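Subject: Model handover

Hi,

Please load it first, then read the notes below.

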Amino acid sequence: MKPFLKWAGGKYRLVELIKSTLPKGNRLIEPFVGSGAVFLNTDYSANLLADSNPDLINLFQILQKEGNGFINYCQRLFVAENNTESVFYELRGEFNATNDLRRKASLFVYLNRHCFNGLCRYNSKGEFNVPFGRYTKPTLPEKEMFYFHEISKHAVFEVADYLTTMEKAKYGDVVYCDPPYVPLSATSSFTNYTKGGFSLDDQNALADTAKKLQKGGITVVISNHDTAFTNEVYHPAKIITFNVQRFISSDTKNRNAVSELLAVFA
Ligand SMILES: C[S@@+](CC[C@H](N)C(=O)[O-])C[C@H]1O[C@@H](n2cnc3c(N)ncnc32)[C@H](O)[C@@H]1O
């Protein structure tokens, strides 16, 4: 099943390959859950799903608890009158100002379907700032939301940094990590590079923690770009490389194959 959110770096198209690296276990742990593509397409009896984005986790917790009640509540935002630039900016402003978590969660779904490319970006004040997307008729992904609600009975959602989540892994758990990727080119001031707050120190700490868990008998799988840096920091994990078709930069006509990897610490 497809995730109900559009999410940068979403793994829906790679789920079968990722699943082939994940052993059976008592619980799946995802420290970077995003839209949840992997969790939604596996069947662990327990799942610990975390992300540092509080808006995302708030939405998942409300959908988990309420199901159809919340889906119907979101439906009210998906009307033609709300698909104009001026109403979009009004609702985006409301999203940034409200303290009502249920309203905020529904507006997050609205923004995901009405903003440019379904992106999720915040300015330095923490305000969602993606512009209007100009879609003809955005629709609420009801079926996908209901599926998420059903399957999330076996899940715990937490707002957490990846290291806090990884510390919770116990023998018998399986950990799948999908961090923000390292840059492809070594020219982009490599040592200081930070994307979405995820620095090279973070990439190193993630690899070190995976090795530590592996020593305790816990399998950890990490997705990333296939670069000299990732091959070095993940050594001696088993590395599976493959190509992914991607739109490069803002030029949508320019489709290139990018090499990615799965590092399996088992
Ligand atoms: C590539 S996306 C994951 C995509 C997900 N596998 C999917 O299929 O949708 C990376 C996620 O990591 C989260 N993230 C970024 N920095 C983080 C951190 N320090 N700790 C936990 N999560 C973080 C982002 O909010 C984002 O949702």
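**Loops and backbone**

Pro236 sits in the loop between α10 (228–234) and β8 (238–247). Helices here are DSSP runs of H or I with at least four residues, strands are runs of E with at least two, and both are numbered from the N terminus. A cis peptide bond joins His235 and Pro236, with omega at about 5 degrees.

Before going on, two ground rules. This is a predicted model: local features need pLDDT of at least 70, side-chain atom pairs count only at pLDDT 80 or more, and totals for chains, interfaces and linings use all residues. Residues are numbered from 1 along each chain as its sequence is written.

Asn117 has a positive phi, near 55 degrees, and is not a glycine. Its place is the loop between α6 (101–114) and α7 (142–151). Arg134 lies in the loop between α6 and α7. Arg134 is not a glycine either, yet its phi is positive, about 55 degrees.

Arg134 counts as exposed, with 12 C-beta neighbours inside 10 Å. The cut-offs: buried means 20 or more other C-beta atoms within 10 Å of the residue's own, exposed means 12 or fewer, and partly exposed is in between; C-beta atoms are placed from the backbone.

**Helix α4**

Helix α4 spans residues 68–75, and Phe70, Ile71 and Cys74 in it are buried. Seen down the axis of α4, the buried residues fall within an arc of 100 degrees, so they line one face of the helix. That arc is taken over the directions from the helix axis to the C-beta atoms. The face turned away from the buried side carries the exposed residues Asn68, Gly69 and Asn72. What covers the buried residues? The cover includes α3 (54–66), α6 and α7. Contact means C-beta atoms, placed from the backbone, within 7 Å.

**Ligand shell**

The ligand is surrounded by 21 residues. The closest are Gly9, Phe32, Gly34, Ser35 and Ala37. A residue is near if its C-beta atom, placed from the backbone, lies within 6 Å. By class, the shell has nine nonpolar, eight polar and four charged residues. Nonpolar covers Ala, Val, Leu, Ile, Met, Phe, Trp, Tyr, Cys and Pro; charged covers Asp, Glu, Lys and Arg; the others, Gly among them, are polar.

**Domains**

The protein chain is assigned domain 1 (12–52 + 160–265) and domain 2 (65–144). These bounds come from an automatic or database domain assignment. The C-alpha centres of domain 1 and domain 2 lie 28 Å apart.

Best wishes

Definitions and conventions. Two residues are in contact if their C-beta atoms, placed from the backbone, lie within 7 Å.
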